[in-house]
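User: I would like to learn how to read helix packing in a model. Where do we begin?

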Amino acid sequence: QLAFQVADRQRGAALLAELTGHVQAASRSPHANYVIQKAIEAMPPSPCSFMIEELRGVSAATARHRFGCRIICRLVEHMADSPPCVDLLVELLAEAGELCRHNFGHYVMECVLEHGGPEE
């Protein structure tokens with residue numbers, strides 16, 4: 001986590017490259033989810049867009065997970081206006097009714113309401 005805070009963009013991009021292919025697993029880890037969250041917070045949106053691609057098709061399940069919901073929230077907070085994130089929001093909104101009533105999913109829906117654009 002600290003590495004993303006202190007790294008310049010080039011080193012941050014190199015660190016991000018190491019996370020490629022591991023986002024779904026990290027979203028289920030009590031420790032690795034914090035690394036993903038920090039990367040989203042510290043890095044510009046475009047280098048982090050691979051994370052959204054890795055969650056495509058499993059975003060609602062990730063939103064229902066104790067740790068995964070945190071990653072989805074950070075993505076929505078920091079990337080809501082990017083085209084890949086808009087697609088993610090559409091995927092989440094397809095299951096909005098169920099997510100609103102879920103123990104962890106409701107946190108994601110609150111983030112969508114707070115940070116999503118008017119079209120969402």
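Analyst: Helices (H or I, at least four residues) and strands (E, at least two) are DSSP runs, numbered from the N terminus. Here the elements run α-α-α-α-α-α-α-α-α-α, with 10 helices and zero strands. The model is predicted: local features need pLDDT of at least 70, side-chain atom pairs count only at pLDDT 80 or more, and totals for chains, interfaces and linings use all residues. Residues are numbered from 1 along each chain as its sequence is written, and side-chain values use heavy atoms, with hydrogens and water left out.

User: At what angle do H7 and H10 pack?

Analyst: Axes are lines fitted to C-alpha atoms, for helices over the stretch in contact; angles run from 0 to 180 degrees between N-to-C directions. H7 (residues 68–79) and H10 (residues 105–115) pack at about 5°, axes 9 Å apart. H7 is therefore roughly parallel to H10 (under 35 degrees; over 145 is roughly antiparallel, 65 to 115 roughly perpendicular, the rest oblique).

User: Which residues of H7 and H10 make the contact?

Analyst: Contact means heavy atoms within 4.5 Å. H7 gives Cys69, Ile72, Cys73, Val76 and Glu77; H10 gives Tyr107, Val108, Cys111, Val112 and His115.

User: How do H7 and H8 cross?

Analyst: The axes of H7 and H8 (residues 83–93) come within 10 Å and cross at roughly 130°. That makes H7 oblique to H8. Ile72, Leu75, Val76 and Met79 of H7 meet Cys85, Leu88, Leu89 and Leu92 of H8.

User: What share of the chain is buried?

Analyst: Buried means under 20% relative accessible area, exposed over 50%, partly exposed in between (1.4 Å probe, protein chains only). Of the 120 residues, 41% count as buried.
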